[in-house]
Amino acid sequence: MADVPLTGGYMVAAYVVTAVILLAYTLSLYLRTRRP
Amino acid sequence: MTLLNRGRLITLLGLASLAGVYVRALAFTPTERLQGAAQKIYYLHVPAAIWTETAMILVGVAGVFYLFLHDARLDRFAAASAEVGTVFATIVLTTGPIWGKPIWGTWWTWDARLTSMLLLFFLYVGYLLLRGAVADPELRARYSAVLGICGAALVPFIHFSVYFFPTLHPQPIILKPSAPSLPWSMLVTWLYALAAFTLLYIGFVVQRYALSLARDAAGGAERAHG
């Protein structure tokens with residue numbers, strides 16, 4: 001059986017980028033709605 | 001419970017669900033043999049793309065109804081959906097190249113699907129810029145509705161571009177007329193991810209709508225006192 005390619009670094013990068021974007025937008029909404 | 005708090009609660013549920021998706025995708029979903037771990041980007045990239053396109057369709061539908069009914073709630077919803085769609089489009093346009101590099105050997109290519117998705121992202125940004133540039137609420141809502149309808153018209157082309165111009169980007173393996181070409185274990189993870197992104201879309205839109213409502217109310221109070 002052929003070896004599975006080692007592409008885990010790309011997967012980690014995509015998962016981190018997605019989490020950062022979603023958390024940043026969540027924080028942005030929180031800060032904007034908190035402002036009087 | 002206020003509308004804003006409802007939105008926050010749904011967003012928290014969405015984020016918790018997404019954390020569950022991360023655990024399931026990374027630890028309990030098999031690794032694809034040809035692509036390796038990079039294939040797991042699929043569980044984020046595709047649900048984000050589906051909601052990027054759906055959000056713009058909803059902006060367009062709200063725009064059509066706004067032009068007939070002139071209801072400010074439709075304009076508020078369209079603005080909220082466009083902002084959230086921009087966030088999801090950013091996810092699609094960052095995870096896509098990260099996935100493409102190890103599989104295609106390039107970060108980017110001017111393939112029809114990639115190019116049309118980039119165009120949709122620019123339309124989203126243009127929509128938000130337009131809203132910021134027009135001061136009169138009535139005029140802003142009308143111009144935005146027209147641009148939203150144009151954006152929604154682009155979405156079917158994006159979806160079918162892989163059939164019209166089959167180059168690098170693969171054709172759908174789930175959203176197609178025949179049965180999904182994905183093992184059950186992977187399909188369940190993808191469905192969880194789609195549910196998490198759906199919760200995030202709803203939670204974000206409700207919060208953004210509540211923010212517009214509060215701003216409009218503050219603006220109305222200022223005009224009443226001014």
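**Figure 1. His159(B), a partly exposed residue in a predicted model.** His159(B) counts as partly exposed because it has 16 C-beta neighbours inside 10 Å. (Buried means 20 or more other C-beta atoms within 10 Å of a residue's own, exposed 12 or fewer, partly exposed in between; C-beta atoms are placed from the backbone.) Its helix is α5 of chain B, residues 137-164. (Helices are DSSP runs of H or I, at least four residues, numbered from the N terminus.) From His159(B) to Lys101(B) the C-alpha distance is 22 Å, with a sequence separation of 58 residues.

**Figure 2. Where chain B meets chain A.** Contacts join 28 residues of chain B to 19 residues of chain A. (Contact means C-beta atoms, placed from the backbone, within 7 Å.) On the chain B side, α1 (3-27), α3 (72-104) and α6 (184-225) each supply at least two residues. α3(B) gives the most, nine residues. By class, this side of chain B has 16 nonpolar, eight polar and four charged residues. (Nonpolar: Ala, Val, Leu, Ile, Met, Phe, Trp, Tyr, Cys and Pro; charged: Asp, Glu, Lys and Arg; polar: the others, Gly among them.)

**Figure 3. The largest nonpolar core.** This core has 66 residues; Ala78(B) and Phe88(B) touch the most other members. (A nonpolar core is a set of buried Ala, Val, Leu, Ile, Met, Phe, Trp, Tyr and Cys residues joined through C-beta atoms within 7 Å.) Elements giving two or more residues include α1 (8-34) of chain A and α2 (42-69) of chain B.

**Figure 4. Around Phe88(B).** Leaving out residues up to four places away in sequence, Phe88(B) touches Ala48(B), Trp51(B), Thr52(B) and Ala55(B).

**Notes.** Residues are numbered from 1 along each chain as its sequence is written, and chains are lettered from A in the order in which they are written. In this predicted model, local features need pLDDT of at least 70 and side-chain atom pairs pLDDT 80 or more, while totals for chains, interfaces and linings use all residues.

Key: Two residues are in contact if their C-beta atoms, placed from the backbone, lie within 7 Å.
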